[in-house]
Amino acid sequence: MGEFDNREREEVFSKKVRAGKRTYFFDVKATRSNDYYVTITESKKRLEDGVFIKHKIFLYKEDFEKFAEGLMGTIDYIKANQDVVEKRYEFSEAPEVANTTATTDDDFSFEI
């Protein structure tokens with residue numbers, strides 16, 4: 001086994017989304033046979049010691065459609081059954097000057 005086998009796979013594309021106290025990373029990676037897959041990572045800084053806690057999901061291309069259907073169905077259910085206050089976050093290194101505004105005109109939506 002080569003050194004590459006012991007590391008995470010090659011990153012092809014990455015999208016970072018900051019949302020309040022959490023940061024989400026959507027990464028496209030390639031296997032040795034050049035098949036793409038997605039990793040979704042949630043990162044949140046623990047207040048008591050400053051350590052970042054990460055949770056990761058691996059999503060393979062054969063599951064994209066079912067995953068998207070389940071996610072959209074779940075989001076649609078929440079939107080239909082509970083008021084959703086959507087927020088737009090502005091990131092700042094200094095928490096005391098972070099600006100978080102909530103407006104009803106802002107819409108976070110995406111198509112799958």
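Nine bridges link strand β2 (residues 22-30) with strand β3 (residues 36-45), and the two run antiparallel. Strands here are DSSP runs of E with at least two residues, numbered from the N terminus, and two strands count as paired if DSSP finds at least two bridges between them. Within this pairing, Thr23 sits opposite Ser43 in β3.

Before going further, a word on the model: it is predicted, so local features need pLDDT of at least 70 and side-chain atom pairs count only at pLDDT 80 or more, while totals for chains, interfaces and linings use all residues. Residues are numbered from 1 along each chain as its sequence is written, and side-chain values use heavy atoms, with hydrogens and water left out.

Now let us follow the chain onward. Strand β3 also pairs with strand β4 (residues 52-60), again in the antiparallel sense, over nine bridges. Ile40 faces Ile57 in β4, and Thr39 stands opposite Phe58 in β4.

Both pairings belong to hairpins, and here are their turns:

| Hairpin | Residues between the strands | Residue with positive phi |
|---|---|---|
| β2 and β3 | five residues | Asn34, near 65° |
| β3 and β4 | six residues | Gly50, about 75° |

As background, strands of a sheet pair through backbone hydrogen bonds, either parallel or antiparallel.

Arg18 and Glu42 lie 24 residues apart in sequence, and their C-alpha atoms are 9.9 Å apart in space.

Finally, look at the aromatic rings. The structure has two aromatic pairs, where rings of Phe, Tyr and Trp (its six-membered ring) pair if their centres lie within 6.5 Å. Tyr37, Phe58 and Tyr60 make up one aromatic cluster. Phe58 is also the residue that stands opposite Thr39.

How values were computed: Helices (H or I, at least four residues) and strands (E, at least two) are DSSP runs, numbered from the N terminus. Rings of Phe, Tyr and Trp (its six-membered ring) pair if their centres lie within 6.5 Å; planes under 30 degrees apart count as stacked, over 60 as edge-to-face and the rest as tilted.
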